[in-house]
Every structure is written in C-alpha cells, then in structure tokens.
Amino acid sequence: MFVPKLYLYTFLGEFVLLYPVYTLLFTDSGLSVAETSSLFVIWSVTGMVLEIPSGAWADAVSRRLLLFLGPLLAGAGFALWVLFPSYWAFALGFVLWGAEGALVSGAFEALAYEELERRGLQGRYAAVMGRAHSIGIAAAASAIALATPVFAVGGYPAVGVASVAACLLCAATALTLPERRPGAVESSTDSGGRYLAVLRAGVAEARTDRNVLEAIVLISVVTAIWGALEEYVPFLAAATGAPRTAVPLLVLAVWVGAAAGGLLAGPARRLSERSFALVLGLAALAMAAGALVPHPAGFVLVAGAFGAFQMAGVVADTRLQERVSGDQRATVTSVAGLGTNVVTLAVYTAYGAGSPFLSHGTTFALLVLPYVVIALWLARERVAPM
C-alpha cells in the first residue's frame, strides 16, 4: 500500500480548487498587477530561502513530519486568503505556501526512494515518480474542471473550503506513510547538533561529489525551463491564431503530453547516456519548431516536447537519488530544488525582458537552447549507461 499512498498524497497536494481562481480573488480584492507580481516574488523567495534548511530538517528529524506539516501550512494560507482578502493576508499566505513547497521538496523524494530501497524496489523509483507526476497533473486538471461549478455555486468561500479540505486530507495521508530509518525521530535532545552536521554533509556532497553535482545541474536545467515555460503556454496558444475558445484545448494538449511523459519515465530509465542526450536534443528541436509554427498544429510538437522534458526530469531525479550516499538525501535533493528555483526565476526574467521585442514563439525557441547544450554535454560524457 506504500506506493498508492504516495499517489494519493500527490493527488491531494495538487487538487486545490483555488488554483484557477486565486488571481481573480486578488483582482476582486483591489490588487494591481504590480502588487500581484510582488506576491509571486514573495512566494519564490520564500521557497528559495527555506529549500536547503528544510531539506536538512527532513534528514535530521523526520521526512514524514515535514510531509505532514507542509500541507497544513498551505491550507492555513488558503484560509487566510478567503477569510481576510487583503494584500498582507495574501502575502502571508504566499509565505506559508512557499514554506509548504520547501518542506515537501526533498523530503518526498528521499522518503520515496529509501522506502522503495528498503523493500528492494529502488529500480521502480523512476516509474513510481513518473506516475506520481502524471497523477499530479491529472489532479490539477480535475481541480480546474471542478472549480468552475463550485465557484458558480459558492464563490470564493466554497473553493476555499474545498482547498483547505484537500490540504488537511493530504496532511492526514502523510501520517500513514512509513519511515523506517536510523535517526527518523520527531524530537531529539541533540537535534541542533545533528541538524548542523547533516546540513554541512549534504551541502558538501552536493558541492564536491562530481557525479552528484552533475545530476543536480541536470535536474535544475531540465526541470526548470519547461516548468517555467508552461506558465506561458496560453500566450503561445493564442499567438497561433487559434480562436479564444480553442486555447484551453491547446493547453490541455500540453498537459496530456506532460502526463504521458511521466508515464514513460520508467522505460526511459534504461536509456543509455547518449540516447538520453538524443531525446533531450530532439525534444528541444521539436519545441522550437512547434513554437515557431504559426498554426495550432504546431502544438503537436510542443506537447511531445513537454512530455519528453517531463520524462527527462524524472530520470534526472532518479540519477541523483542513486548517487546520493549517507543520511543527507533530502538535503542534497533540496540543493537541486534550489537550483531549479534559481533557473526558473532566470527563465521568468528572460521571458519578461524579451517580451517587448520577441514573439512568444521566438522566445520559446530561444529558451530551449540550453537543452541542446545539455544534450551535447551529456553526449560527450564517457560514463556508464544510466
């Protein structure tokens, strides 16, 4: 029952009905575009600041505890938004939501890998995490579909209650997850000393172990670029000349592609290094070609590329988990999470800076060029098959 519990946790964590309407809540509460943008900055900075410290906390104390606390913080933030709709309530909510992301990041992957390893099933990690990502996409799509009728009936209070309920159920699911490892305790008389030792060991491994560092770089680039570009897919869809009513369908096609990529992560784990590099390079070319086609048909290539990038991100995470040693797995994974956040912010900044001068299609094509660089780098590396 362990793997189904992971899937349930992932589903509930993404089944938040506030997702598609919270920007409307901000607008209806009188926030300007600049104020809303500042909230996104608060959200991102919170996650970046807490990413590595929370990973070390997960290693030193309990990963299950952090997986329990994270959804509670997010639920509290969503409740604040609905009960006290104002800028400072929204800001505090984003701090709590950013903290949730940091607490779960690293702890989830570490608990999943080590529990599978304990059962002799570590070879299934890529397949399990790939399916978990696909389930998360399905949960987000379901939340969007359900949010419309719920919002029509009960407005913001209704979607707020549903979102908080999902967070509470997610936290409850975390308590059912097993955690059998030395040092997995929820209190300790020497917790401070253990925390600092784990933090130093995790950062040192991420910095000095070449194989681990390469995996961190790969995760950061592969995951962040397509994850950031996903936010701009509706703009790209509209730029194809498709009717406004067709834009959601094109966005859905991209989501389907990403979900399919997650399901293919298990078989992709067996690709050789150079085959993996070839997949990345071809996906980048497909993304660029599809984005530059001024017709909705180009989204067939875009959706395929998103699927390949999703698959590659899961495989890269698997490589990292297999290379980490010692008790600092969540800490090292959180270093990768910080790298992902940094690259994501860089993509957002580049997209915004280029938007006055470049079309959406051209911007997409230029921003996937790092995938080609990574593919060439991987193809030149003489390492064992993945």
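# Briefing: salt bridges, cysteines and helix contacts

Asp59 and Arg63 pair in a salt bridge whose closest N and O atoms lie 2.5 Å apart. The model is a predicted one. A search of the whole structure finds eight salt bridges, while the count of disulfides comes to zero.

**Salt bridges**

- Side chains of opposite charge can pair when their charged atoms come close.
- Helix α9 (residues 210-229) holds both Arg210 and Glu214, which are four residues apart, about one turn of the helix.
- An α-helix has 3.6 residues a turn, so residues three or four places apart point the same way.
- Glu322 is partly exposed, with a relative accessible area of 38%, while Arg269 counts as buried at 13%.

**Cysteines**

- A disulfide is a covalent bond between the sulfur atoms of two cysteines.
- For Cys167, the closest cysteine sulfur is that of Cys170, 7.0 Å away and too far for a bond, because a disulfide requires the two sulfur atoms to be within 2.5 Å.
- Cys170 is likewise in no disulfide, and its nearest cysteine sulfur is that of Cys167.
- Cys167 counts as buried at 6% relative accessibility, and Cys170 counts as buried at 2%.

**Packing of helix α16**

- Two packed helices are described by the angle between their axes and the distance between the axes.
- The axes of helix α15 (residues 329-354) and helix α16 (residues 360-367) come within 10 Å and cross at roughly 145°.
- The crossing of α15 and α16 is right-handed.
- On the α15 side, the contact is made by Val347, Ala350 and Tyr351; on the α16 side, by His360, Thr363, Phe364 and Leu367.
- By class, this contact of α15 with α16 has five nonpolar residues, two polar residues and no charged residues.
- The buried residues in α16 are Gly361, Thr363, Phe364, Ala365 and Leu367.
- The elements that cover the buried residues of α16 include α9, α10 (233-239), α13, α14, α15 and α17 (369-380).

- Leu367, in helix α16, counts as buried at 16% relative accessibility.
- Not counting residues up to four places away in sequence, Leu367 touches Ile225, Leu229, Val347, Ala350 and Tyr351.
- Leu367 and Ile225 are 142 residues apart along the chain, yet their C-alpha atoms are separated by 7.4 Å.
- Ile42 lies in helix α3 (residues 33-60) and is partly exposed, with a relative accessible area of 25%.
- With residues up to four places away in sequence left out, Ile42 touches Tyr87, Ala91 and Val95.
- From C-alpha to C-alpha, Ile42 and Gly98 are 8.2 Å apart in space, although 56 residues apart in sequence.
- Glu14 is found in helix α1 (residues 2-14) and counts as partly exposed at 32% relative accessibility.
- Glu14 touches Tyr19, Gly136, Ala139, Ala140 and Ala143, again not counting residues up to four places away in sequence.
- Glu14 and Ala143 are 129 residues apart in sequence and 7.9 Å apart in space, C-alpha to C-alpha.

Key. Residues numbered from 1 in each chain as written. Predicted model: local features only at pLDDT ≥ 70, side-chain atom pairs only at ≥ 80, totals over all residues. Heavy atoms only, no water. Axes fitted to C-alpha atoms, helices over the stretch in contact; angles between N-to-C directions. Helix = DSSP H or I, 4+ residues; strand = E, 2+ residues; numbered from the N terminus. Left-handed = near helix turned anticlockwise from the far one by under 90°. Contact = heavy atoms within 4.5 Å. Nonpolar A, V, L, I, M, F, W, Y, C, P; charged D, E, K, R; others polar. Buried < 20%, exposed > 50% of the residue type's maximum accessible area, 1.4 Å probe, protein only. Salt bridge = Lys/Arg side-chain N within 4 Å of Asp/Glu carboxyl O.
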